[in-house]
Amino acid sequence: MSDPAPQAAGISEFLKGVHKMLLNTLEDFSDADMMVRPVPKANHAAWQIAHLTAVEASMLVALAPARAVELPAGFADRTKDPTSNDAAAFGTKEQLLGLYTRVRPGVADALASM
């Protein structure tokens, strides 16, 4: 059986690269752009980032409690509904990406240390 450490390190680097790509993709989005659904039943960018943030924060609690990032009170509940168009539930683009940027590196680092 092969050593899983190089695989975990590779996945960790991949996650960091995807994180940078996502930030670059959303760089010129406004707060309003974050709430646009590209087609009627698609999720908007705010929901997608909120969902990733909540799921990855939950993973950190389970897999690497020392790296856990506390989400704002009620964040996960406010952002569960993919049909929500309530921009206030998600916060501004800056707030949302700031929170995501605190969570994603912890996931990547926790994976690299496994």
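This is a predicted model: local features need pLDDT of at least 70, side-chain atom pairs count only at pLDDT 80 or more; totals for chains, interfaces and linings use all residues.
Q: Why is L63 called exposed?
A: The relative accessible area of L63 is 56%. The cut-off is over 50%, so L63 is exposed. L63 lies in helix α2, which covers residues 45–63.

Q: What makes the nonpolar surface patch that includes L63?
A: V55, M59, L63 and M114 make this patch, which has an area of about 380 Å².

Q: Why is E56 called buried?
A: E56 has a relative accessibility of 7%. Buried means under 20%, so E56 counts as buried. This residue is found in helix α2.

Q: Which residues is E56 in contact with, leaving aside its neighbours within four places in sequence?
A: E56 is in contact with Y100, V103, R104 and V107.

Q: How do you know that the length of helix α5 agrees with its number of residues?
A: Helix α5 has 20 residues, 93–112. The expected span is 1.5 Å times one less than the number of residues, so α5 should span 28 Å. Its end C-alpha atoms are 28 Å apart, which agrees.

Q: Why is G98 called neither buried nor exposed?
A: G98 has a relative accessible area of 32%. That value lies between the 20% and 50% limits, so G98 is partly exposed. Its place is in helix α5. G98 and A42 are 56 residues apart in sequence, and their C-alpha atoms are 23 Å apart in space.

Q: What makes the pair E13 and K16 a salt bridge?
A: The closest N and O atoms of E13 and K16 are 3.8 Å apart. The rule asks for a side-chain nitrogen of Lys or Arg within 4 Å of a carboxyl oxygen of Asp or Glu, so this pair counts. Both residues lie in helix α1, three residues apart, about one turn of the helix. An α-helix has 3.6 residues a turn, so residues three or four places apart point the same way.

Q: How exposed are E13 and K16?
A: E13 has a relative accessible area of 51%, so E13 is exposed. K16 has 30%, so K16 is partly exposed.

Q: What makes D109 and K16 a salt bridge?
A: Their closest N and O atoms are 3.2 Å apart, and the limit is 4 Å. The pair links distant parts of the chain, with D109 in helix α5 and K16 in helix α1, 93 residues apart. D109 has a relative accessible area of 31%, so D109 is partly exposed. E13, K16 and D109 are linked in a network of salt bridges.

Q: How many salt bridges are there by this rule?
A: The count comes to four. One of them joins D77 and K80, with closest N and O atoms 3.4 Å apart. D77 and K80 are both exposed.

Q: Which residues touch the most other members of the largest nonpolar core?
A: This core has 27 residues, and I49, F90 and L96 touch the most other members. The elements that give two or more residues to the core are α1, α2, α4 and α5. Leaving aside neighbours within four places in sequence, the contacts of F90 include M35, W47, F75 and L96.

Key
Residues are numbered from 1 along each chain as its sequence is written. Side-chain values use heavy atoms; hydrogens and water are left out. Helices (H or I, at least four residues) and strands (E, at least two) are DSSP runs, numbered from the N terminus. Patches are made of residues with over 30% relative accessible area and no salt bridge: like charges are joined within 9 Å, nonpolar side chains (Val, Leu, Ile, Met, Phe, Trp, Tyr) within 5 Å. Accessible areas come from the Shrake-Rupley method with a 1.4 Å probe; for residues, only the protein chains shown count as cover. Buried means under 20% relative accessible area, exposed over 50%, partly exposed in between (1.4 Å probe, protein chains only). A nonpolar core is a set of buried Ala, Val, Leu, Ile, Met, Phe, Trp, Tyr and Cys residues joined through side-chain atoms within 4.5 Å. Contact means heavy atoms within 4.5 Å.
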